[in-house]
Amino acid sequence: MSPKLKVIGWKETLDLPDLGLRDVPAKVDTGARTSVLHCSHIQLIKKGRKQFVEFRPLDDRCRPQSETYVFPFHSERKIKNSFGQEENRYIIRTSVTLFDELHPIEISLRDRSGMEFPMLLGRTFIRKKFVVDVSRSNLARKASKDNK
């Protein structure tokens with residue numbers, strides 16, 4: 001028998017501890033396969049024989065003095081954007097905190113400056129961990145505060 005799935009709302013506030021980011025607003029998007037984070041200055045770089053992705057997360061609108069991060073390159077995928085057009089995106093592996101629990105996550109990096117939410121949680125991340133209640137929001141943050 002599988003463990004009971006936690007319920008998340010249509011939007012959640014989460015932390016990305018490997019990036020030092022707290023209180024990131026994220027829309028839960030069951031139509032998106034891959035999770036995505038708003039970044040700028042995204043580029044593939046090489047250090048020795050290894051490839052890395054250099055980027056600035058949540059710059060401008062969320063963090064005026066955004067740091068540049070370098071993460072190991074995981075993969076590159078063709079992903080359909082919200083207009084149905086395919087685009088190549090770099091994918092990194094990191095972790096996200098919801099309900100005071102750390103979860104591994106694969107995130108594509110993209111400039112989302114024109115979008116309401118700087119992050120989307122896609123169904124690959126949601127699957128087998130959470131059930132979405134579209135009538136509610138920020139359930140993970142509320143549960144975390146209730147436990148303190």
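**Close-up views of a predicted model**

**View 1. Arg33, Arg123, Arg127 and Lys128 form a surface patch of positive charge.** Patches take residues with over 30% relative accessible area and no salt bridge, like charges being joined within 9 Å and nonpolar side chains (Val, Leu, Ile, Met, Phe, Trp, Tyr) within 5 Å. Lys and Arg count as positive, Asp and Glu as negative; His and the chain ends are not counted. Each charge is placed at NZ of Lys, CZ of Arg, CG of Asp or CD of Glu. Areas follow the Shrake-Rupley method with a 1.4 Å probe, and for residues only the protein chains shown count as cover. The model is predicted: local features need pLDDT of at least 70, side-chain atom pairs count only at pLDDT 80 or more, and totals for chains, interfaces and linings use all residues. Residues are numbered from 1 along each chain as its sequence is written, and side-chain values use heavy atoms, leaving out hydrogens and water.

**View 2. Lys128 sits in the loop between helix H1 (123–126) and strand E11 (130–133).** Helices (H or I, at least four residues) and strands (E, at least two) are DSSP runs, numbered from the N terminus. Lys128 is exposed, at 73% relative accessible area (buried is under 20%, exposed over 50%, partly exposed in between; 1.4 Å probe, protein chains only). Its phi is positive, about 65°, although Lys128 is not a glycine. Most residues other than glycine have a negative phi. Asn138 also is not a glycine and has a positive phi, about 50°. Asn138 lies in the loop between E11 and helix H2 (139–146).

**View 3. Asp15 and Arg141 meet in a salt bridge at 3.3 Å, N to O.** A salt bridge puts a side-chain nitrogen of Lys or Arg within 4 Å of a carboxyl oxygen of Asp or Glu. Asp15 is in strand E2 and Arg141 in helix H2, so the pair ties together parts 126 residues apart in sequence. Both Asp15 and Arg141 are buried. The Asp15 side chain also makes a polar contact with that of Arg22, at 3.0 Å (N or O atoms within 3.5 Å; within protein, one must be able to donate a hydrogen and the other to accept it, and residues adjacent in sequence count only if both atoms are side-chain atoms).

**View 4. Glu106 and Arg77 form a salt bridge, with the closest N and O atoms 2.4 Å apart.** Glu106 lies in strand E9 and Arg77 in strand E7 (residues 75–80), 29 residues apart. Glu106 is partly exposed at 26% relative accessibility. Arg77 is buried at 19%.
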